[in-house]
Amino acid sequence: MSTSVNVPTNRQQRDADIDNKLRLFGIYNAFSNGKLPSNRQIDVALSSFVNHDKIKNPNSKLSSEGRTILEDFRTVVQEAQRLLLVKNHDEALQEFIWNATQLGQQGGPGAAVPGAPVDKETANRDGQQGLAGLKTLGQLIITNGQFRKLLNDAVILLRDIAGDAASKSASKISPSEEHLRQIDDPAPDHVWHEAPDPAKLKQQLREKVNRNKPVDRNDIRDVAGNASQTADPNNSRDPRDAAARTARDQRNGTSSGVDMQNGLKAGATDLAQRTKEGIPEDKKQRAREYRERTQNYLKGKMPQERRDQTIWRLKKMVVEIQSHQDYSAAINTLLSLAETYSSHGKNVATQSSGAVKGARQDNYLKSAETNLKTIIERFANNTSADDLIDAINDIYRDADRDPELKNWFRSVDRYVRRCLKQEGYILEEDSTREYNQLYDHGNFLMRNRYRDHTDRLFDEFKFLGDQFAADPDNKRFGDSLQKLFKDLGNDASGKTVFKKDLIKDITQVIIPDIFEGIRYMPVPRIEYSDPQFDAIIENLVLESDNLMPNVLEIGNDSYFRFGRRNISNKNKQQFMVSASQIQCDLRDISYYVKRKQGFPSITDTGIVDVFLGGDGFGFKLQLGSAEKHDRANFFKVENVSVTIKHMNIKLRKSKHKLLFSIFRPLLLKVIKPVIVKVLEQQIRQTFSDLDALAYKIYQEEQKIEAELKANPDPENAQNIYARYYKAIQAELLSRKKKAEDKVADKKVNMAMTKQDSIFSDISLPGGISTKATTYKQQAAEGDRWHNDVFSLGSASPTASLAPAPEVTRKSPHARRRGVKERDTASAASRDSGYQGHENVPEFGNYGYADKIDGTGRYQPSTSTRTGSQGIMLNSGTNPAGLGY
């Protein structure tokens, strides 16, 4: 057999490949330093990637499906590249990330936020405390018995509902008895049926859709005309006239009297009425019956008594959590942080407008806000977000002048704090009564007085969200992703299928190509020091194709014996793995060695080549199941053999080169058997340690099983995996501590740069750590977020891109909303859904119209509400008779 390696070392290609991988190390450090790639750098890198030979001209061994998937992936990358360049043509995304990461930094323009109660370091510490508080609350909830029981009951209820649905579905899907009786009967002889006509089927489908349409085109045209006539001051029925006047008003800041809001309401009402009239009465009746059946079914599964009991159990859970010793510290921390940062927001808002405006014009926060707004608008089909911001500002502006709304927020804050901090208050009747009053009052404010504001806000959010879906660039990118996922799991007809050819492509083509493409892998500088020796190895570069075994064999042998009477059962499992022809061609390895104690004292620095060709390194490992007489518990190493062939060491540079040349044949003859023996022994010991570790875990499992039998508590059963994890963790920690104690006087270090080295004053020829240090220093250079280390690839930048369209205001809801006057004459509110004062039942949902005095102000009722609002039930007493 040949004694050569798969891929001999090409020094020029190796150095270029190492440089690229070290550049990736520099890119990682650049990101850590807050640097970002420019559009040009991203464009060149992605263009180089999609035009790479492995991507553009895939391996001929790929199946047709694999080629399709690869082309889909290439299209996704290209569309993502185009989307970034079109929507981020002025690098607003990089500017936003940079400004957001610089908030609170010293030395920046206006770095200190006016009125900030804490600096950046304190804010980070507060964030960690808040996270710890939330983690404590979450731990208390998931470990609470009431929560576990509620969760278990919910699963049982869902299983019951699913069982009902499955039985109903089975009754529809299952064939009738008559069909089952005919299943074995053949069809009549010589009976032929007419082939279906696709055109006829299409026509039948179209006629069926037209028959079931609630409105036709003429109805839609009439609705649009009626809406335009209501909105247009000149009663024009052409929607284009109203749209033109609205656009002119927005451009010039004028008011031509177009009432778009009333026009939309009139159109929606007209369309709803026509749709209702267009639905046949029998279908309406079926829909009503279906809704009624669904409501009755859900009421049967969740009757009022069960809902009352669930609310009581939830409140009981809260009280139990409040009694825990960790709860008080966690909730006090969270409330304190909330108060600190909410007061910070109020302080900023109440400062003099000139000071705040001047600060926000200069600082990173203002720039980040502007850039984020720009990015959102561009991805939203170049639709301005000013209309949404105006809707939010309208609410803030009017609410800021409303003392009643401010007092309501203060009352809510006091109520929440009292429920969270006062143990048992949530179970008292006063808690339910106060909640009902706050709910009624808030519902009155939000759904009556500020209804126009909230409606416009929701409309603006919905309109802006719709623009994201309507953006053509977003659609192109989304379509490419959809095609990729569709081709991954669907056939030509759209059915979900398992594609075996793709698995074959991945295992036999793609993964080997990836390893081949990795090529040279630089290993960080290896350093070792103990009281007797110091040693350094650098420039160790592994070649992926040589490192992969050319032959990998795996075998499994199972033996079972089933005996009866006096003959026992027996089984034995054997597993074998063999790898051979693992090669290496390591050139220009730099080394440093120093013997500090003993004789002879020696110090040497040099360069060595290590060659392992042909059969190279190989091993064969055979494991078997342990038997009663074995020292092992689960598995044992039955045989292990290691082979090293065609090994050669060439010393190219050394202070003792002549001495080594003389003794090299003798050293190789002695060293090879020693290395083989040490490796075999190490493999045996490693698997012996794994068997011992598995047995200790098994003993812990037996202990858990015994405890469960003695105390069959469901909570302990649910924590069994956590206890397994703790047992493994404790064993590994114990072994780690023993290993650390064993090598306490020894140091082993993997240094990527000179700053990480324990021998920073020792430089070796062509050191990888020296090059990595250069890239790490380069990663910290550059103005603001710019850095040259991101320059990857050699492709030409994209040139043929259409100019980005301007961002414009498109919202049809852009009209200033006023505060709705209180309507004290009306007893019922159409906004909230509550019943008014005229026909108040003895038990029911009291509205708020009966709580408004003669001046139009809200006056809470002292009555206690019961009824359909689950959380607002009079739960001060135990509805289910549970003891506490």
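**Helix packing, strand pairing and salt bridges**

Student: Which residues of α19 are buried?
Tutor: In α19 these are Glu404, Leu405, Trp408, Ser411, Tyr415 and Cys419. Buried means under 20% relative accessible area, exposed over 50%, and partly exposed in between (1.4 Å probe, protein chains only). Helices (H or I, at least four residues) and strands (E, at least two) are DSSP runs, numbered from the N terminus.

Student: What kind of model is this, and how are residues numbered?
Tutor: This is a predicted model: local features need pLDDT of at least 70, side-chain atom pairs count only at pLDDT 80 or more, and totals for chains, interfaces and linings use all residues. Residues are numbered from 1 along each chain as its sequence is written, and side-chain values use heavy atoms, with hydrogens and water left out.

Student: What do the buried residues of α19 pack against?
Tutor: They pack against α14 (304-322), α18 and α20 (429-449). Contact means heavy atoms within 4.5 Å.

Student: How do you know whether the span of α19 agrees with 1.5 Å a residue?
Tutor: Take the 19 residues of helix α19 (residues 403-421). The expected span of a helix is 1.5 Å times one less than its number of residues. For α19 that gives 27 Å, and the end C-alpha atoms are 27 Å apart, so the two agree.

Student: And the span of α20?
Tutor: Its 21 residues should span 30 Å. The end C-alpha atoms are 29 Å apart, which agrees. Buried residues in α20 include Asn436, Leu438, His441, Phe444 and Arg449. Among the elements that cover the buried residues of α20 are α14, α19 and α21.

Student: What caps the N-terminal end of α19?
Tutor: Asp402 does, with a side-chain oxygen 3.0 Å from the backbone nitrogen of Glu404. A polar contact is a pair of N or O atoms within 3.5 Å; within protein, one must be able to donate a hydrogen and the other to accept it, and residues adjacent in sequence count only if both atoms are side-chain atoms.

Student: What makes Arg456 and Asp394 a salt bridge?
Tutor: Their side chains meet at 2.9 Å, N to O. A salt bridge is a side-chain nitrogen of Lys or Arg within 4 Å of a carboxyl oxygen of Asp or Glu, so this pair qualifies. The pair links distant parts of the chain: Arg456 in helix α21 (residues 451-470) and Asp394 in helix α18 (residues 386-400), 62 residues apart. The structure holds 38 salt bridges.

Student: Why is Asp394 called buried?
Tutor: Its relative accessible area is 4%, so Asp394 falls under the 20% cut-off. Arg456 is buried too. The side chain of Asp394 also makes a polar contact with the side chain of Arg397, at 2.8 Å.

Student: How do you know that Asp615 and Lys645 qualify as a salt bridge?
Tutor: Their N to O distance is 3.9 Å, which is within 4 Å, so they qualify. Asp615 is in strand β7 (residues 603-625), and Lys645 is in the loop between β8 (635-644) and β9 (647-653), 30 residues apart.

Student: Which residues are linked in a network of salt bridges?
Tutor: Arg11, Arg14, Asp15, Asp588, Asp609 and Arg652.

Student: Why does Asp471 count as buried?
Tutor: Its relative accessibility is 0%, so Asp471 is under the 20% cut-off. Asp471 lies in the loop between α21 and α22 (472-489). A polar atom of its side chain lies 3.1 Å from the backbone nitrogen of Asn474. Not counting residues up to four places away in sequence, Asp471 touches residues including Lys87, Arg378 and Phe379.

Student: What makes β3 and β6 a pair?
Tutor: Two strands pair if DSSP finds at least two bridges between them. Strand β3 (residues 533-538) and strand β6 (residues 570-595) have 6 bridges, in the antiparallel sense, so they pair. Ala535 stands opposite Val593 in β6. Strand β5 (residues 551-561) also pairs with β6 in the antiparallel sense, over 11 bridges.
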